[in-house]
Amino acid sequence: MQRHGRGGGTAAHAPRFRVAGLVLLVAYLAVVGWLALRPLPVPWVAPANLQPFATIRADLDEGSLEALARLGRGLARLAPLGVLLPLACGHLDRPLAVVCARTVGAGALISSATVLLQSGVPGRSVNVDAVLLNSAGAGLASLLLFPLIRAWLRRRSARTPGWGGSVHGTGAHDALPLRDETSGGAPPRAARVGIAP
């Protein structure tokens with residue numbers, strides 16, 4: 001008998017969502033890598049910052065629109081990772097805390113690799129606060145946006161017929177039980193018919 005657990009409709013269409021998420025994730029990371037690692041023709045480069053929260057505190061103390069825009073760009077740089085990574089990995093039914101923790105970890109690894117590669121690019125400098133902001137942006141996106149997208153995907157899957165199923169995700173054989181499942185008894189027997197001599 002076919003099993004219909006929680007998120008069954010989503011699981012039936014998971015490969016399609018995973019392929020779309022993987023394609024978008026690869027394209028997004030390619031764009032981020034190109035923007036982060038291209039040389040900048042600037043006459044002066046800020047010194048490297050290896051002290052956590054140093055530039056974040058400086059921008060908050062400054063309070064100007066440009067400083068707040070720098071913080072916003074740092075949070076938004078890897079924010080799409082909070083949605084694309086769970087889709088590409090097929091984590092539609094995982095607990096949100098697990099999805100968020102894995103997304104933050106992946107964001108920290110990607111951002112750290114980018115910052116290390118930027119140390120050899122002209123016009124770029126190492127800033128540990130960029131790793132913190134990028135990871136925080138990915139985590140916020142996974143907490144705020146991913147539940148909405150996951151709920152939309154589940155509703156969409158519930159309305160789409162699965163393989164051999166109806167609109168509600170049940171197959172035709174589920175409407176014809178082989179035995180009385182409510183009483184748990186044996187299937188009914190056919191009445192005996194006498195044979196003429």
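UniProt positions are given here in the numbering used for this model, with feature names shortened, and such annotations may be inferred rather than shown by experiment. With that understood, the UniProt record, an unreviewed entry, places the feature "transmembrane region" at residues 20–37 and 130–149.

Let me state the basis of the talk. This is a predicted model, in which local features need pLDDT of at least 70 and side-chain atom pairs count only at pLDDT 80 or more, while totals for chains, interfaces and linings use all residues. Residues are numbered from 1 along each chain as its sequence is written, and side-chain values use heavy atoms, with hydrogens and water left out.

I begin with the overall architecture. The protein has 8 helices and 0 strands, and its pattern along the sequence reads α-α-α-α-α-α-α-α. Helices (H or I, at least four residues) and strands (E, at least two) are DSSP runs, numbered from the N terminus. For residues 130–149 the figures are 95% helix and 0% strand, and the end C-alpha atoms lie 27 Å apart.

Next, confidence. The pLDDT, which is the predictor's confidence in each residue from 0 to 100, averages 80 for the protein, and 74% of the residues score at least 70. Confidence is lowest in helix H1 (residues 8–12), at a mean of 49, and highest in helix H7 (residues 128–144), at 95. Two stretches call for caution. Over residues 1–10 the pLDDT stays under 50, and the model has 19 contacts there beyond four places in sequence; contact means heavy atoms within 4.5 Å. Residues 163–181 are also below 50, with 25 contacts in the model beyond near neighbours in sequence. Where pLDDT is low, the predicted coordinates should not be read in detail.

I turn to packing. Of the 197 residues, 28% count as buried, where buried means under 20% relative accessible area, exposed over 50%, and partly exposed in between (1.4 Å probe, protein chains only). The accessible surface comes to about 13100 Å², of which 68% belongs to carbon and sulfur atoms; these areas come from the Shrake-Rupley method with a 1.4 Å probe, and for residues only the protein chains shown count as cover. Among contacts with a separation of 6 or more, 77% join residues 24 or more positions apart.

Which residues make up the largest nonpolar core? A nonpolar core is a set of buried Ala, Val, Leu, Ile, Met, Phe, Trp, Tyr and Cys residues joined through side-chain atoms within 4.5 Å. The largest has 10 residues: Leu25, Tyr28, Val32, Leu78, Leu81, Leu84, Leu85, Ala88, Ala106 and Ala138. Helix H2 (14–37) and helix H5 (81–89) are the elements that give two or more residues to this core, and H5 gives the most, with 4 residues. A second, separate core of 7 residues includes Leu87, Leu92, Phe146 and Leu153.

Beyond four places in sequence, arginine 38 is in contact with Val121 and Arg124; its C-alpha atom is separated by 8.9 Å from that of arginine 124, 86 residues along the chain. Tryptophan 44, in the loop between H2 and H3, counts as exposed because its relative accessible area is 64%. The C-alpha atoms of tryptophan 44 and glycine 123 are 7.6 Å apart, across 79 residues of chain. Phenylalanine 53 is also in the loop between H2 and H3; although not a glycine, it has a positive phi of about 70 degrees.

Is valine 126 buried or exposed? At 18% relative accessibility, valine 126 is buried. Leaving aside neighbours within four places, its contacts are Pro47, Ala48, Asn49, Leu50, Val115 and Ser119.

Finally, the cysteines. The structure holds 0 disulfides, a disulfide being a pair of cysteine sulfur atoms within 2.5 Å. Cysteine 89 is partly exposed, at 35% relative accessible area, whereas cysteine 100 is buried, at 14%.
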